[in-house]
Amino acid sequence: MKFFISGTTGFLGQSLKEHFEPNHEVIEYIRGASLTDMLNICQPDVIIHCAGEIYNADRMFTTNVGMVEEILEWVKRNKTCRMIQIGSSSEYGPVDYPTSEQDPINPQNAYEATKGAATLLCQGYSRQFDLQVLVARIYSGYGEYERPHRLFPTLYRAFFANAPMKLYAGVHDFIYIEDFVRGIELALNKQWPRGEIVNFGSGQMATNLEVLQAWERVTGRTAPVEYHDHFYRAHDTKFWCCDTGYAASEYEFETEYSLEQGIEDMIRKLNDKNN
């Protein structure tokens, strides 16, 4: 198959590119280029849209909603192409139960709102124009290509470069990137109901302190980590968990990596790269 993947300079896009390249043709979106022109030239079988703006409010709507609309318009004219929109578990907003695909979105900020708007666009286009479009919502992914400021790369520097860090309270449903990309591949083996959403998480929560303790067990080391038993941000949630039932029943998806196994594999890859 021929894949067109956006956001390949980021964590998810780079990981998906690396996963599919050995057996498929992968074309990377070039930032600043015309999406429509690139799609017209490469005529992909599958579009995986990973590009997203988290921090820059001035670019958030154009990137998170406008690009999605442009891709959907192209898919509407080229209906043999399938599209996967990478969504976010943050679209659900704060809850106190495991979130499922049937739960409404409840955004609390502009990022969550624009990701939620993109999901609604995907569902609307899929249903109105009979398109194969899937929204894949990832929970708290971690792995080799994460940005340096994220939790797991910061812990790696603390444990292997003795770099001091502050760790604040928090809880997430962490999913290792290898599990997520395998979930995407499983999804591609199915036909999708119109308006389809699939959640990809582990179904288990871990606190940031439990993550630190897992790193200690895996490495057999301690690190210069200063733990603070309170949230860093006022809007951080005390509950973040995926209801994995639908992904399991409809896509045969279950995570293969425990938290410790994911950390161990991530460390191995980073050590191979750095040594």
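The exercises below treat aromatic rings, a pocket, cysteines, backbone angles and distances.

The model is predicted, so local features need pLDDT of at least 70, side-chain atom pairs count only at pLDDT 80 or more, and totals for chains, interfaces and linings use all residues. Residues are numbered from 1 along each chain as its sequence is written, and side-chain values use heavy atoms, with hydrogens and water left out.

**Exercise 1. Aromatic pairs**

Task: State how many aromatic pairs there are, and classify the pair F3 and F20.

Solution. 
Step 1. Rings of Phe, Tyr and Trp (its six-membered ring) pair if their centres lie within 6.5 Å; planes under 30 degrees apart count as stacked, over 60 as edge-to-face and the rest as tilted. The count by this rule is 14 aromatic pairs.
Step 2. The ring centres of F3 and F20 are 4.4 Å apart and the planes stand at 20°, so this pair is stacked.
Step 3. Helices (H or I, at least four residues) and strands (E, at least two) are DSSP runs, numbered from the N terminus. F3 belongs to strand β1 (residues 2–6) and F20 to helix α1 (residues 11–20); the two are 17 residues apart, and their pair links distant parts of the chain.
Step 4. Buried means under 20% relative accessible area, exposed over 50%, and partly exposed in between (1.4 Å probe, protein chains only). F3 and F20 are both buried.
Step 5. One aromatic cluster is formed by Y142, F152, F159, F174, Y176, W215 and Y257.

**Exercise 2. Charges over rings**

Task: Find the ring over which K76 lies, and the ring over which the charged end of R82 sits.

Solution. 
Step 1. The criterion is that NZ of Lys or CZ of Arg is within 6 Å of the ring centre and within 35 degrees of the ring normal.
Step 2. K76 lies over the face of F129, 4.7 Å from the ring centre.
Step 3. For R82, the ring is that of W192, with the charged end 3.9 Å from its centre.

**Exercise 3. The second largest pocket**

Task: Describe the volume and the lining of the second largest pocket.

Solution. 
Step 1. On a 1 Å grid over the protein atoms alone, a cavity is a set of points where a 1.4 Å probe fits but cannot get out, and a pocket is an open set with protein on both sides within 12 Å along at least five of seven lines; lining residues have an atom within 4 Å of a point. Grid points are joined across faces, edges and corners, and a volume is the space filled by probe spheres set on the points.
Step 2. The second largest pocket holds about 270 Å³ of space. It is lined by 18 residues, of which F174, S202, Q204, S258 and L259 are the closest to its centre.
Step 3. At least two lining residues come from each of β9 (174–176), α7 (208–219) and α9 (259–274). The most come from α7, which gives four residues.
Step 4. Ala, Val, Leu, Ile, Met, Phe, Trp, Tyr, Cys and Pro count as nonpolar, Asp, Glu, Lys and Arg as charged, and the others, Gly among them, as polar. The lining has nine nonpolar, five polar and four charged residues.

**Exercise 4. Cysteines**

Task: Determine how many disulfides the whole structure has.

Solution. 
Step 1. A disulfide is a pair of cysteine sulfur atoms within 2.5 Å. The search finds zero disulfides.
Step 2. C122 is in no disulfide, and the nearest cysteine sulfur, that of C81, is 12 Å away. C122 is buried, at a relative accessible area of 1%.
Step 3. For C241, the closest cysteine sulfur is in C242, 6.9 Å away, which is too far for a bond. C241 is also buried, its relative accessible area being 8%.

**Exercise 5. Positive phi angles**

Task: Give the phi and the place of D130 and of E252.

Solution. 
Step 1. Most residues other than glycine have a negative phi.
Step 2. D130 is not a glycine, yet has a positive phi of about 60°. It is in the loop between α4 (110–129) and β5 (133–138), and is partly exposed at 47% relative accessible area.
Step 3. E252, not a glycine either, has a positive phi of about 55°. Its loop runs between α8 (245–251) and α9, and E252 is partly exposed at 49% relative accessibility.

**Exercise 6. Sequence and space**

Solution. 
Step 1. T237 lies in the loop between β12 (225–228) and α8, and is buried at 17% relative accessibility.
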